[in-house]
Amino acid sequence: FTDSLSIRAITPIDTNAVWFAANNGRIGLLDNGTPKLATIHYEDSILAFRAIASTNKAVFVLSIATPAVLYKIGVENREATRIDEVYSETGEKVFYDAMAFWNDQEGIAMGDPTDGCLSVIITRDGGNTWNKLQCNVLPETAVGEAAFAASNSNISLYGDHVWLVSGGKRARVFHSADKGTTWEVFETPIIQGRAMTGIYSVDFYDENTGVIFGGNWEDQSFNEGNKAITRDGGKTWKLLSNGSGPGYRSSVSFVPGTNGKGIVAVGSPGVSYSSDQGATWSELSEEGFYAIEFVNDSLAFASGRHKISKLIFK
């Protein structure tokens, strides 16, 4: 699929269908290659969407910057039945980055700090209402610590766990083991200290094994301090293939069915693959993408500038 859009948020339904959210207020469903598109207007604003998530009966899209507006789109038989605004927030620092659901009732979205902590909103009723967590619940953020709305993969969920990642002046991992009720934060060895350095993406294979990826967007070939792995749920992180393998990447994912060994990372410089949990890498393509989401062990959807592609791994 090609269009004059920047597409940073996708959520597949199956091997033939994927929802997406983009700039210029555009959202859509690609169903067997056929696009079903809609444009959302909010008062006098044209929203830019970089966060998307789906449940069995709805799709959710969330815009960046202010006003941040979250819509619930009812879906039946792959057709949108209604659209409702379920959350909005305004403010100079408002900027949401990613969204995900544990199940059909409970979901979470995260964004940049507005008052000394990450912006975290949670729903417990299927996305009908969302509540923002207070900063007395969340770890404090440093000045200049934020997140990147690069691929809708600042969040990873497994079981009741959630991990959120930050960048900028600090590159850290925020963790809750109880669906966002209590929180802790962990340091990482990922490059940090400048506006465009840090963690851009996170994925967990199970409650212990996770990978983070990022780097320096302003020096995308630099491959030191940009990828790391944890085997203790995020408490400690070890750099992967430091000084070798891919540099900056905006989205990372474990390959299903590989027992946590296969990893694919995509970014504007290309598509990279590891079969040994990140120890060594091969470059599969120089085709640039922002985000990747696997459907099964051999098929994924990837989105980028002006495109959504189906990637088939053999």
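Predicted model: local features only at pLDDT ≥ 70, side-chain atom pairs only at ≥ 80, totals over all residues.

Guide: A residue is called buried when its relative accessible area is under 20%, exposed when that area is over 50%, and partly exposed in between.

Since five of the five residues of β19 are buried, the strand is largely enclosed by the rest of the structure.

Next come the partners of the strand. Strands of a sheet pair through backbone hydrogen bonds, either parallel or antiparallel. β17 pairs with β19 in the antiparallel sense, over four bridges. Within that pairing, S176 in β19 is the bridge partner of V162. β20 also pairs with β19 in the antiparallel sense, again over four bridges. Here R172 has E187 in β20 as its bridge partner.

R172 and E187 are joined through their side chains as well. Side chains of opposite charge can pair when their charged atoms come close. The side chains of E187 and R172 meet in a salt bridge, with 3.9 Å from N to O. This pair links distant parts of the chain, with E187 in strand β20 and R172 in strand β19, 15 residues apart. R172 is buried, at a relative accessible area of 7%, whereas E187 counts as partly exposed at 44%.

Now follow the chain from β19 towards β20. The loop between these two strands holds K179. K179 has a positive phi of about 55° although it is not a glycine. Its relative accessibility is 15%, so K179 counts as buried. K179 also forms a salt bridge with D160, and the closest N and O atoms of the two are 3.6 Å apart. D160 is partly exposed, with a relative accessible area of 41%.

The structure holds 15 salt bridges. Another of them is formed by K307 and E287, whose closest N and O atoms are 2.7 Å apart. K307 lies in strand β30 and E287 in the loop between β28 and β29, so this pair ties together parts that are 20 residues apart in sequence. K307 is buried, with a relative accessible area of 14%, and E287 is partly exposed, at 38%. Elsewhere, salt bridges that share partners join D14, D31, K36, R78 and E79 into one network.

R78, a member of that network, has a positive phi of about 65° although it is not a glycine. R78 is placed in the loop between β9 and β10, and is partly exposed, with a relative accessible area of 25%. Another backbone feature is the cis peptide bond that joins T66 and P67, with omega about 0°. P67 is found in the loop between β8 and β9.

Four strands form an open sheet in the order β25-β26-β27-β28, with antiparallel pairing. β25 and β28 stand at the edges, each with a single partner strand, so one side of each is left without a neighbour in the sheet. Neighbouring strands of this sheet are turned by 25° against each other on average, direction ignored. Four bridges join β25 to β26, and the two run antiparallel. In this pair, V252 stands opposite A265 in β26.

β25 leads on to the largest pocket. About 820 Å³ of space lies in this pocket. Of the 35 residues that line the largest pocket, the closest to its centre are A100, L157, D203, E293 and F294. Among the elements that give two or more residues to the lining are β16, β25 and β29. The lining residues divide into 21 nonpolar, 11 polar and three charged.

Note on methods. Residues numbered from 1 in each chain as written. Heavy atoms only, no water. Pairing = 2+ DSSP bridges. Axes fitted to C-alpha atoms, helices over the stretch in contact; angles between N-to-C directions. 1 Å grid on protein atoms, 1.4 Å probe; cavity = no way out; pocket = protein on both sides within 12 Å on 5 of 7 lines; lining within 4 Å. Points joined across faces, edges and corners; volume = space filled by probe spheres on them. Nonpolar A, V, L, I, M, F, W, Y, C, P; charged D, E, K, R; others polar. Salt bridge = Lys/Arg side-chain N within 4 Å of Asp/Glu carboxyl O. Buried < 20%, exposed > 50% of the residue type's maximum accessible area, 1.4 Å probe, protein only.
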